[in-house]
Amino acid sequence: MVLIPGDTGSFDAHHPPRRELLDDCVHCGFCLPTCPTYAVDGEEMDSPRGRIYLIDLAQRGEIPLDRTLAGHIDSCLGCLACVPACPSGVQYDLLLAATRPQLERHVPRTRRERLVRRAIFAVFPYPARMRAAALLGVLYRRLGLRALAHRLGLVDRLPAELRAAEDLLPPVPVRSLFRRPPPIVPAVGERRLRVALLEGCAQRVLFGDVNAATARVLAAEGCEVVVPPGQRCCGALNLHAGLEDDAAARARRLIDTFETARADVVVVNVAGCGSSMKEYDRLLADDPAYAERAARFAASVRDVNELLAELEPRAPRHPVRAKVAYHDACHLANAQRIRRQPRDLLRAVPGIELTDIPDAEICCGSAGIYNLVQPRTAEELGRRKAANIEAAEPDVVATANAGCLLQVRRFLSADLPLVHPIEILDASIRGVPLERARR
Amino acid sequence: MSWSAELTEALGRANVITDPARLRTYECDGLTGYRVQPAMVVLPRSAAEVAAAVRVCARHGVPFVARGAGTGLSGGALPVADGIVISLQKLRRVVEVDPVNLRAVVEPGVTNLDISKAAAPYGLYYAPDPSSQQVCTIGGNVAENSGGAHCLKYGFTVNHVLAAEVVLADGTVTTLGGDSAQLPGYDLLGAFIGSEGTLGIVTQVTVRLLAKPAAVRTMVADFATVAGAGDAVTGIIAAGIVPAAVEMLDNLAIQAVAASTESVYTPDTVAALVVELDGPPDDVAEQFDEVQEICREHGCTKIMVAADAEQRRLIWTGRKAAFAAVGRISPDYFVQDGVVPRGRLAEVLGRIAAMADDAGIRVANVFHAGDGNLHPLVLYSEADGEHDRAERLSTEIAELCVELGGSLSGEHGIGADKACSMPRMFGEDDLATMLRLRTAFDPDGLCNPGKVFPTPRLCGERPGKYRPHPLEEAGVIERL
């Protein structure tokens, strides 16, 4: 137990959760039905209102920063569905972002938690290591080891975190693990913009096809697409886990890399990456060498859906006949408030029938590293999301985030194609069937 | 074995909360001015577990407070320091939707709106619609006899519950009411609904479902004076029209809504009425014109008719989020809940404004004008030391409603908040009679003690078994 005296209560003086943000909460409970952990367990301290209450008590110094508090903040997916639901305008996103680093600093993690986190942060942000892990995964499946391990019940004996990782890996063909867009893709017709594309880490390894489709669609819409070489992880996973210093270091490096591209816009096709890159201004506000550059960079970041919705469509769309269920990625819908744009883009494709998913505001349980560190809740949420998607009876499911694609695929029982919306646009613009565009 | 050990054994360690920090998240409901940390919170997963928990409490004389989503505005779910909170948030199953007999059977933790969602595939819905309907639970609705904007036409919770399975104070499980709306004998279900958790805990509810109306039309009418809007409401009802809802917002409330959501309200109007009509399309069309005419007669300055479902949704989202939206224009506030005879709306609003001026405190008004159910929002700043002044004003407003021939509470309940005002509305005999009903169900006063009744009969004493009145002992009066 660590108790730090002072008017920041139990928090230390480095950017503690601010009193005036806490005072915005009037305890009305309108956030409760949007909260995934509350939907699963129905316990007040694992709801936004309860978490705010606990942060408030800590800010008053009435409870310590300890494992109890950390447990309830750890259990939060950071999906931020409570933010648009709040009539009083509580900025829970800021409260959460201020609380997590404090807990990382003051509450020691268990050995097991440290091991799991170290493993995750040693692999995911590094494409080469990620690719090696994915290759091992592919071999594990191809050689029948997976079936064997399941048959022998070995998998059931793994710790829950490893079991989740074992199950998350999608069945990707080996060649797509190495597929990357060319370093520069010229605009088709007159150039409207020069955009720099973020490749992502897990994204470029597991969803290289989505990156390729993104570059093609942007080019077809008159964007010259550059893929800045040597780009590394954006730090989203670190940031959302409360590892602020690591996230800031990654942010500085990414800004350095992208500034050399001299693009008008930085375009991202992963909701989680995009939302953290839009936060770089806050993350680096205290760094005199970077504050201004970070603000400029953050202002230039666009999700690919957002950017395409801003551009008057130029490339003709060919029909894609499918009933599409669009799943809102939390970091797109709640963190970036982008809900309408991807739907509008899909609706503009002839032949697409867009359908809603029941209980759409409840997160699928992916949430960065959440499905690896909190596997029980994540599994329950994944199962619920899959059931809701299947209830909508779509032909195709579209969602604009790598994490959601992995998580939802794991629980969909039917053989339902799961795509990034950009892949549908790509198929439409090229006039090829969706299955073929993805090959 | 101690009661806490017995509860832990009965419910399992995972469903019992004893950690002080966790307990504190249960110390208040939607009324944060009253906070009491309970000794324990239990989260039963079935009616049988609720009964088991209550039996332990009954054996050991431990008071218990049932809690749904904790959205109540009268402190009805305020814990007792030496007692437990029984959360019903793990009982969230829709047991059955019966479209043939127009009813649904649900567990108490199901939200009000989720009942309508479950009924929607059959073209049915559950009519009472408290503003917190996407959050508040049917168990809490039964306890508070909750209303909502559409209760003007459709009635309150009590008109829509056919049966309730309840756990009584001794742990007995029984069912009140039945499949038929007409049952012989005393209406015990009627007594239970609105009893604010003082008679027992509801563990399953059978509700009536209604067919969705064929047509719905909604308008917002602006007025240059609050009195004009109040008179228009009287005019509409006097014309024999029964709107689905008539709601009023004054300028402060409209400002709050505009700060919170995409607002369709005119920012600078003094007052606005939301009028909604539903029913057969022809009737609705005819009466809709008539309502507009009446509004104009009473000095309406502008009428906005919802052109589509989206505009209608925006009108209602704004109205229903208004309480919490007030958090945007004031650091702290009390939500008051009183009723006046409809004909005195303009008068009471004028008096509230004068009282607010005298106290130097702002009061926003947003309320169910159709049935005279006021919700004055008393805005204050705790940090600036305005709490006591605001609380006094809020109480005075409720008591003014009684003085004008109305009621202390329309739909939020008496709870912990207004128990001390009860003698303003009821005589000692009334209260004694109510207490006898309560002690018939709960002789030891373990079910949600400290609510509804002024304690002591003035303030502090626990409700207990019936004791003869001094006048009764003296032979001046006799028990009937």
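These notebook entries record what I looked up in a predicted model.

**Entry 1: contact between chains A and B.** I began with the residues on each side of the contact. Chain B gives 29 residues to the contact, and chain A gives 23 residues. I then looked for the elements of chain B that give two or more residues to the side touching chain A, and found α2 (20-24) and α12 (322-325) of chain B. I also sorted this side of chain B by class: 11 residues are nonpolar, 12 are polar and six are charged.

**Entry 2: a helix pair in chain A.** I turned to helix α15 (residues 244-259) of chain A and helix α18 (residues 291-300) of chain A, whose axes lie 11 Å apart at an angle of about 70°. Because of that angle, I list α15(A) as roughly perpendicular to α18(A). The crossing of α15(A) past α18(A) is left-handed. For the residues that meet, I noted A251(A), I255(A) and F258(A) from α15(A), and R293(A), A294(A) and F297(A) from α18(A). By class, I recorded five nonpolar, no polar and one charged residues in this contact.

**Entry 3: the sheet in chain A.** I followed the strand order of an open sheet in chain A and read it as β1-β3-β2-β4-β5, five strands with mixed pairing. At the edges I found β1 (184-185) and β5 (301-303) of chain A; each has a single partner strand, so one side of each is left without a neighbour in the sheet. I next examined strand β2 (residues 193-197) of chain A, which pairs with strand β3 (residues 223-226) of chain A in the parallel sense over four bridges. For R194(A), I found the bridge partner in β3(A) to be E224(A).

Key:
Residues numbered from 1 in each chain as written. Chains lettered and ligands numbered in written order. Predicted model: local features only at pLDDT ≥ 70, side-chain atom pairs only at ≥ 80, totals over all residues. Contact = placed C-beta atoms within 7 Å. Nonpolar A, V, L, I, M, F, W, Y, C, P; charged D, E, K, R; others polar. Axes fitted to C-alpha atoms, helices over the stretch in contact; angles between N-to-C directions. Parallel < 35°, antiparallel > 145°, perpendicular 65-115°, else oblique. Left-handed = near helix turned anticlockwise from the far one by under 90°. Pairing = 2+ DSSP bridges.
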